Amino acid sequence: MKLTGAQILIKSLEEEGVDVVFGLPGGAILPTFDALYDSKIKFILVRHEQGATHMADGYGRATGKPGVCLVTSGPAATNTVTGLATAYMDSAPLVCITGQVATTAIGSDAFQEADVVGITRPVTKHNYLVRDVRDITRIVKEAFYIARTGRPGPVLIDFPVDVSRATAEYEYPAEVSIRGYSIPSKGDPDQILKAAALMNQAKRPCLYVGGGAVGSGAHKEVFELVEKTGIPITTTVLGLGIFPEDHPSSLRMLGMHGTVYANYSVQQSDLLIAVGARFDDRVTGHIEKFCPHAKIIHIDIDPASIAKTVRVDVSVVGDVRHVLRQLNKQVKDRRRDIRAWLEQIDAWKKKHPLKYRQSDDVIRQEHIIAKIGEVTKHEAIVTTGVGQHQMWAAQWYQFKTPRGMLTSGGLGTMGYGLPSAIGAQMARPDETVICIDGDGSVQMTSCELATAAYYKIPVKLFIMDNNHHGMVRQWQELFYRHRYSGSQLGASNPDFMKLADAYGIKAIQIRQPDQVVPGIKEALAHKGPVLVHCLVAKEDNVFPMVPAGHALDQVMDMA
Amino acid sequence: MKHTIGVLVENHFGVLARVSGLFSARGFNIDSLTVGETEDAEVSRMTIVAHGDDRVVAQIMKQLNKLIDVIKVVDLTNEELIDRELVLVKVSAPAQSRNEVMQIVNTFRAKIVDVNSKTLTIEVTGGESKIDAMLELLRPFGIFEVVRTGLIAMSRKSELTAPPKQAGVSTEVKGGVKKKSAAKLAKV
């Protein structure tokens, strides 16, 4: 029996095990939405297509399985660009399907036409324009395969309306055949031996682990490596949760707002072992002054990440989980040989702990976040927007579960928090999902409160309201002589309590320090979505801080 | 330094844009880029000539390799190469200088492909130095127009060919992806 292209697409999604699609209908995608109406796939109607992509991204990061969004052509498709770029920078698996005008109208400046394949080329791992109804199944199969394998990423399928109406026999391919695409798995044994030899000799080794280890599902292997060798470990913001931060070997996060002891350790190390991390400038600080005494081992699935910004002494291309399994067989317990180094690190930890000044009258964001961590036993899925609250969440939640921190690390997309929380909650309905957001950041996508309300998606949204674009204000205070150009939100903020009320969402306000813990508990006890409006210190700064362009050990720590 | 890069790509629409986009996204100028079908109609071959330091070129090659539609990338710079370019030159050649121009044409084993009372149009093929030398000699006569195809290049020793289509086949198995065979680089 012949099916329409739209039916074939939906059936293909079912074949890929898709259980939820985030999106918003419109002209060119109407046949597909009509087919979706008959499907068992759950549909989540968003309020803005950027939200749909972040939801699919949140779903993807929370599970490792590509999240899916479905939107129409033109403006809807261009609205997905920020979400695609966010997912691309952080290697989140996602499949985005956009409607397109009929193939006969492409290039004619038709209504709601945009060159979506052209626009999204630099922000997707791969993209497709479907030109023949008989190609749909192959393209969907390839899209999911590409999105979730290797270094994961977003894949876009542009789906012209006439192709969705054309008919063909349905047959889903059993295999994918792409000769230009292969997936590294195990590392080269010689390279593993070289890496192990360095690790077994180094006097001041340090592990630096990033999102690649999370994506690879390598938390057990990372734990085993640390337990076996005793080598201290720091993580990037995307690596948070790969290793329990309360473990004595944890140095917690490194980089611009990392701990002083993580940054000192990296700078003083004689061997840096980078695992699924890409030496981002927010991690390395001044690249020429980055870990000047260290040899570097770089383990990554993406050959293009290796030696991109730093020189590398030993590279291992492969899936982090497989490579670490190989490596774990070769490495030795180093605790006795590196005792002096470990003592030095302990001394740094004692001298420069993460800290903030407690206060009885103003609420510090650090305090709220630390308490959220305690109340949720550090096991919730946390999403964030971008800014001060994001860095404090990274510093103070104390992560211990992989896929527990979803944040826009690479692109730094404000507005990522709420929709990604919705996506993560749809993916993992039994977990507590908390969005920690700022009053500036949350307003970029706060329309998705309607989505949470309508589908009763029980995300807990904590808005840290400091009445500013706080991180911008911090830089202006420190580097622009207190000239707060464009960073004050002032009286322009909505009444967030009324906003929650308008959407029919429970609202809780935290105005003074003694309300923090009860407020958190009340929010978590509520079954549906909650907005917790936290009135926090207006002019607070995130420390430690390595100013941009400085070496990692040139730390400002005025907390 | 100058790099000559050979790239095998799937003969799909949009591939040229993906490849050239990688260069432009890094602010990297392409001296010449040629593309055409290979012995396999489903595979096209590009020859890209670009200037850049080795590190930048190495990064560009890795990025090219990441493109799904790119099958293979080879830096031909240090290979023993056969490289050719075809050039059409329209040069001023009134009666008084016509003989001299024709002598240059003969010396370079070029061809005259069009003639009128004022100009000669010359077709020449060769490597970069030959073409440059000839253009240099013609310049004093007055060059009206030059069209160059850009360089194509082939290694004398090794072949750059695409693996058969099945070579990257992967079979889905429960709980992950099982690979039958690898097609592309695994070691850096």
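**Notebook: strands, rings and cysteines**

**Entry 1: a strand in chain B**

I began in strand S7 of chain B, where Leu120(B) is the bridge partner of Val91(B). The model is predicted, so local features need pLDDT of at least 70 and side-chain atom pairs count only at pLDDT 80 or more, while totals for chains, interfaces and linings use all residues. Residues are numbered from 1 along each chain as its sequence is written, chains are lettered from A and ligands numbered from 1 in the order in which they are written, and side-chain values use heavy atoms, with hydrogens and water left out.

My helices (H or I, at least four residues) and strands (E, at least two) are DSSP runs, numbered from the N terminus. I call two strands paired if DSSP finds at least two bridges between them.

Which strands join S7(B)? Strand S5 (residues 81–92) of chain B runs antiparallel to S7(B), with 8 bridges joining them. Strand S6 (residues 111–115) of chain B is also antiparallel to S7(B), with 4 bridges. Here I found Val115(B) standing opposite Leu120(B). S6(B) and S7(B) make a hairpin, with 3 residues between them.

Next I looked up burial: buried means under 20% relative accessible area, exposed over 50%, and partly exposed in between (1.4 Å probe, protein chains only). Why is S7(B) largely enclosed by the rest of the structure? I noted that 6 of the 8 residues of S7(B) (residues 119–126) are buried, so that is the reason.

**Entry 2: chain B as a whole**

I counted 4 helices and 11 strands in chain B. Chain B has 188 residues, and 42% of them count as buried. For contacts, I used heavy atoms within 4.5 Å. Among the contacts in chain B between residues at least 6 apart in sequence, 71% join residues at least 24 apart.

**Entry 3: a sheet in chain A**

I moved to chain A and found an open sheet of 6 strands with parallel pairing, in the order S17-S16-S18-S19-S21-S20. Its edge strands are S17 (405–406) and S20 (506–510) of chain A, and each pairs on one side only. I then picked strands S18 (residues 433–438) and S19 (residues 460–465) of chain A, which pair in the parallel sense over 5 bridges. Ile434(A) has Lys460(A) in S19(A) as its bridge partner.

What packs on this sheet? Helix H17 (residues 388–396) of chain A does, touching S16 (381–384), S17, S18 and S19 of chain A, and its direction makes about 135 degrees with that of S18(A). Helix H18 (residues 417–427) of chain A packs there too, touching S16, S17, S18 and S19 of chain A, at about 175 degrees to the direction of S18(A). For these angles, axes are lines fitted to C-alpha atoms, for helices over the stretch in contact, and angles run from 0 to 180 degrees between N-to-C directions.

**Entry 4: cysteines**

A disulfide is a covalent bond between the sulfur atoms of two cysteines. My cut-off was a pair of cysteine sulfur atoms within 2.5 Å. Cys69(A) counts as buried because its relative accessibility is 0%. Cys447(A) is in no disulfide either, with the nearest cysteine sulfur, that of Cys435(A), 13 Å away. At 26% relative accessibility, Cys447(A) counts as partly exposed.

**Entry 5: rings**

For aromatic pairs, rings of Phe, Tyr and Trp (its six-membered ring) need centres within 6.5 Å; planes under 30 degrees apart are stacked, over 60 edge-to-face, and the rest tilted. I got 14 pairs over all chains. Phe33(A) and Phe43(A) are edge-to-face, 5.1 Å centre to centre with 90 degrees between the planes. That pair links distant parts of the chain: Phe33(A) is in helix H2 (residues 30–36) of chain A and Phe43(A) in strand S3 (residues 42–45) of chain A, 10 residues apart. Buried or partly exposed? Phe33(A) is buried at 11%, whereas Phe43(A) is partly exposed at 21%.

Phe23(B) and Phe28(B) are stacked, 5.9 Å centre to centre with 25 degrees between the planes, and both are buried. I also noted a cluster of Tyr208(A), Phe279(A) and Phe290(A), linked by ring pairs.
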